[in-house]
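Please open the structure in the viewer and display the chains in separate colours.

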Amino acid sequence: MDLSYPPEADDYRAVVRETLAAMLPTGWKGLGALDDAERATFRTFWREQLRMHGYLAPSWPKEYGGGGLTLMEQSIVAEELVLVGAPQHPHPNDANAMVLLGPTLLHFGTEEQKQFFLPRTLSGEITWAQGYSEPDAGSDLFNVRTRAVRQGGHFLVTGQKIWQSAGLTANWMFALVRTDPGAPGSKGLSFILLPLEQEGAEVRGIKNMAGETDFVEVFLNDAVAQRDHIVGEPGGGARVALGLLGFERGSGGVAAAAASRIELQRLAVLAAETGRDRDLQIRRRLAECWTQVHAMHCLALRALSAGISGTPPGPESSITKVVVSQYRQQVSELALDILGPDAASWSGQPSVAGLGPQPLGTDPLSSSAWIADALHARPGTVYGGSLQIQRNTIGEQVLGLPREPRPAASSRPQGSVGR
Amino acid sequence: MRYALSVEQDALARETTKFLTAALPAERDAVLRGEVGFDGERWSKACAEVGLASIGIAERHGGAGGSLLDIAVTLEASGRTLTSLPVCAAAVGMILLDDLAEEQHGRDLLERLGTGDLIPSWVGLHHASALSAEEDGGGWRISGTVRHVVNCGATSVIAFAGTTEGPRAFEAELDQAGITVHHERAVDPTRPLSTLVLDRAVMRPLHPAPLAAARLAVLRARVDIVQAAEQVGVAAAALDMAVEYAKTRTQFGRRIGAFQSIKHLLADMYVDVEVARDTTRYAAWAADDPQQDIVQLGHITRAFVDPRVSRVCAGNLQILGGIGYTWEHPSHLYYKRALTSERLTTDTSSHLDAIATRIGIAPSSDGRTSQQAETFEDSGIPSVGRQAFEPKSLG
C-alpha cells in the first residue's frame with residue numbers, strides 16, 4: 001500500500017499549478033468572489049482557456065481536442081481547479097458533454113460521429129442534455145417508453161423525457177429510446193443523438209424548490225433523428241448507457257473531497273463570525289464533518305488507485321455515492337443550524353454552484369448560499385441512482401443477498417405512450 | 001499509487017487470520033464458559049511462526065522492521081476473532097518499547113516481547129496519569145491506582161507517571177510487592193481488565209529522560225490507530241455474521257435478506273465497514289511519514305471509526321433478532337468489544353474536541369476570526385499530493 005503520488009505526478013501538479021496561475025487574472029480569489037456580471041464574463045473566458053490547455057476535456061485523446069491525460073493527471077487537474085476556485089465545467093452543459101457524451105462516443109461511436117460531434121461539442125457549438133429519465137422511467141431506467149420508429153434514413157422519435165439538467169441551454173440531446181417494442185426491458189433500447197432545435201421537440205423548464213429553473217422536460221413528437229446518429233448497436237442502447245459507469249472511474253473524488261474541505265472551512269468562518277462556535281455541540285459537529293471530509297479523501301484515493309490499476313469496476317462508486325450524498329445533507333443542515341433563524345430567509349450572495357459545494361471565494365455570511373446548498377442536497381440522494389437503489393445494488397451485487405422479486409414479464413408495459 | 005496491501009502484507013493478513021481462526025473454536029467456547037486466559041503454547045507459536053510480537057520492532061532491535069500498517073493488518077485479523085491471545089497487548093508493546101526503550105534493558109524487553117515471554121499492560125498513556133513517580137536512592141518508586149487496565153495475562157506493566165520534570169516512562173514486572181492486581185469483572189469477556197494499585201512500586205525507567213508532550217501524543221496516536229484497525233476487524237466480523245444470517249434465516253417463505261429493510265441495513269453496515277477500513281489503512285500507512293500530522297490523524301481516525309463500528313455491531317444484533325440477544329451466540333461479544341473500545345481510553349467526544357482545537361475552531365471572544373480561519377487552513381489535513389510543495393509543520 002502506498003498512497004503517495006509518484007514524483008512524476010508531483011512534477012505534473014507543479015506544472016498545472018503554474019499554468020493555472022498564469023491563466024487566472026491577478027488578484028483572483030475564487031469564482032465565489034465574483035459578482036454575477038464578472039462571473040458570466042469569466043466563464044466564457046475561462047472555458048476557452050481550459051480548452052486551449054486540454055483541461056476542458058482532459059480524458060479525451062489529444063487527436064479529438066482533449067488533453068489525453070492519464071487518470072492520475074485528470075485527478076490532479078480536477079483537484080487543482082477546485083483549490084484555486086475555478087470551474088472545470090464553466091458552461092452548464094459542459095459536464096454532460098465532457099464526462100458523459102464525449103467518452104460514450106469515444107468508446108462506442110463511429111469515426112464519422114466522432115469527427116462530427118466532438119469538435120462541435122468542444123467548441124460549445126453543440127450543447128448536450130442527457131435524455132435518460134422519463135416520467136415512468138426514473139429508478140426503473142429501462143422502463144423507457146420513448147419510441148423511435150424507422151422511416152427511411154431517419155428515426156421519428158415520440159415520447160417524453162424529464163429531469164434534464166441544463167436543458168434550457170441544450171441544443172442536442174443524447175437519449176435512450178425504444179427502437180424495438182417487441183423486446184422487453186433493457187433489450188430493444190438504442191442510444192441516439194438528436195437535435196432539440198426542431199419542430200418535433202419542445203423543451204419546458206421546471207422550477208426547482210430552490211426557485212431556479214435549471215432542469216426541464218422534453219416533449220418529443222415525431223422529432224427527427226438521423227439513422228446514423230445511433231451510437232453503438234441498434235438495440236444495444238442499454239450497454240452503451242451502462243458503459244458510462246465504467247469511464248473515468250475515480251478521477252473526480254479527490255477534487256470533490258477538497259471542495260468539501262473548502263466548504264467546511266467556510267462554514268467554520270460562519271460559525272466564528274456568528275459566535276455559534278461558542279456552542280460545544282456546534283464545534284463537535286464541525287469536527288465530525290472534518291472527519292468525514294478526511295474519510296472521503298481516503299475513499300477517493302482508494303477509488304483513484306482502483307481506476308489506475310485497471311481492475312474491473314468495484315464497489316467504490318456505490319460506496320462513494322452513498323457517503324458523499326449523505327454527507328452533503330448533513331453538512332448543509334449543520335449550516336442551517338449555525339444560521340439559526342437566518343436560515344428562514346434568503347439573504348446575501350446567491351449560490352453559484354448548482355450541485356455540490358460552493359466554490360472558493362463564496363461569502364461565508366451569505367445565508368442564501370447555505371440555504372440553496374441545503375435544498376440542493378435533498379435530491380443528491382435521489383438522482384444518479386437513488387440511495388435506495390444504491391443500497392439494493394450493494395445488498396444484491398456486493399453482499400450477494402437475494403434479489404428483489406421481479407415483476408412477471410407479461411405484466412410489463414411495452415412500447416411508447418406518446419403523450 | 002496503490003491502495004491494495006502489498007503482497008507481503010496480504011500474506012501476513014492471511015497467515016494471521018489462518019492462525020487465529022484455528023484458535024477460534026476453543027477460545028470461543030472458553031470465553032462463553034466464563035474462563036479467562038489464553039493458550040500459552042499457542043501464543044509462543046504465534047510469536048515464533050507469524051512474528052505477531054516482533055513485526056513492528058525495528059531491525060536494529062532485532063525485529064522484522066515492519067511498519068505500523070503491518071501491525072494494523074494483524075490487529076484487524078485479531079479483531080475479527082476477538083482472540084484471547086495477547087495480540088493487541090503485543091502490538092502496543094511493540095509501539096511503546098520500540099520507540100522508548102534504550103540500552104540493554106530496552107533490548108532485553110524487546111527480545112522477550114518478541115518471543116512472547118513478556119506480555120505488557122500499559123497505564124497512564126491516554127489519561128493524565130493517576131500515577132506519580134519519585135526518586136528513591138538510585139531508583140524510582142511509582143504510586144497510584146489505575147482502573148480498567150487491559151490485562152491479557154500481562155506479565156509486565158509499562159507506566160507513564162508524573163514527575164516534577166514531566167512525565168516519564170517506566171517498566172516493571174507485575175509480580176512484585178509494590179503492585180497489586182485486582183481483576184475486574186469486564187463487560188467484554190474477551191478483554192480482561194484489572195485495577196492496578198501501585199504502592200511505591202519499584203520500576204525501571206524505560207527512557208532516560210522525561211517525555212515531551214508531543215512525543216507522548218504521537219505514541220497515543222500510533223496506539224489509537226492500531227486499535228482502530230482492531231475495531232475494523234470487529235465490525236467486519238459482525239457484518240459477515242449478519243449477512244450470513246440474512247442469507248439463511250427464512251421467514252414468510254423467503255430468506256430475510258430478500259426484504260429491503262434488512263438488505264438496506266446491511267448495505268449501510270457494509271459502507272460503514274468499508275470507509276472505516278479505508279480511513280484506518282490510510283492512517284496506518286501515513287503514520288510513518290514525518291510530514292503527516294499523525295496526532296490529528298489518530299483523533300480523526302478514532303472519532304470516525306468507533307461510532308461506525310458500534311453501529312455495525314448494533315446492526316448485527318438487530319438482524320439476528322432474538323438469537324442475537326443470547327449469551328450463546330457470539331454477537332454480543334462483538335457489541336461489547338465495540339462499546340468498550342469506544343470508551344476505554346479516550347471517547348469520541350474528546351477526540352472531536354481535540355480535532356476542533358487543532359483545526360482552530362475555538363470560541364470567538366475577541367474577534368480573532370481571520371486568525372482562526374488561517375489556522376484552520378494551515379492545520380488542515382493536506383492532500384497527500386501537496387506535501388511535496390507545502391510541508392506542514394506539525395507544531
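A polar contact is a pair of N or O atoms within 3.5 Å; within protein, one must be able to donate a hydrogen and the other to accept it. By this criterion, 14 residue pairs, both members at pLDDT 80 or more, are in polar contact between chain B and chain A. The model is predicted.

Next, select the side of chain B that touches chain A. Helix H6 (213–248), strand S9 (254–255), helix H7 (260–286), helix H8 (294–320), helix H10 (348–358) and helix H11 (369–378) of chain B each supply at least two residues to this side. The greatest share comes from H7(B), with 15 residues. Coloured by residue class, this side of chain B shows 32 nonpolar, 14 polar and 14 charged residues.

Now show both partners together. Here 60 residues of chain B contact 58 residues of chain A. About 5300 Å² is buried between the two chains, with 67% of it on carbon and sulfur atoms. The two chains are also linked by 7 salt bridges. To inspect a salt bridge, select A:Glu396 and B:Lys263, whose closest N and O atoms are 2.8 Å apart.

Finally, turn to chain A and select helix H8 (residues 280–309). Its 30 residues reach 44 Å from the first C-alpha to the last, close to the 44 Å expected at 1.5 Å a residue. Of these residues, 25 are buried, so H8(A) is largely enclosed by the rest of the structure. At the N-terminal end, A:Asp279 caps H8(A), a side-chain oxygen lying 2.8 Å from the backbone nitrogen of A:Gln281. After H8(A) comes A:Gly310, with a positive phi near 75°.

Conventions. Residues are numbered from 1 along each chain as its sequence is written. Chains are lettered from A and ligands numbered from 1 in the order in which they are written. This is a predicted model: local features need pLDDT of at least 70, side-chain atom pairs count only at pLDDT 80 or more; totals for chains, interfaces and linings use all residues. Side-chain values use heavy atoms; hydrogens and water are left out. Contact means heavy atoms within 4.5 Å. Buried area is the accessible area (1.4 Å probe) that two parts lose on being put together, summed over both. A salt bridge is a side-chain nitrogen of Lys or Arg within 4 Å of a carboxyl oxygen of Asp or Glu. Helices (H or I, at least four residues) and strands (E, at least two) are DSSP runs, numbered from the N terminus. Ala, Val, Leu, Ile, Met, Phe, Trp, Tyr, Cys and Pro count as nonpolar, Asp, Glu, Lys and Arg as charged, and the others, Gly among them, as polar. The expected span of a helix is 1.5 Å times one less than its number of residues. Buried means under 20% relative accessible area, exposed over 50%, partly exposed in between (1.4 Å probe, protein chains only).
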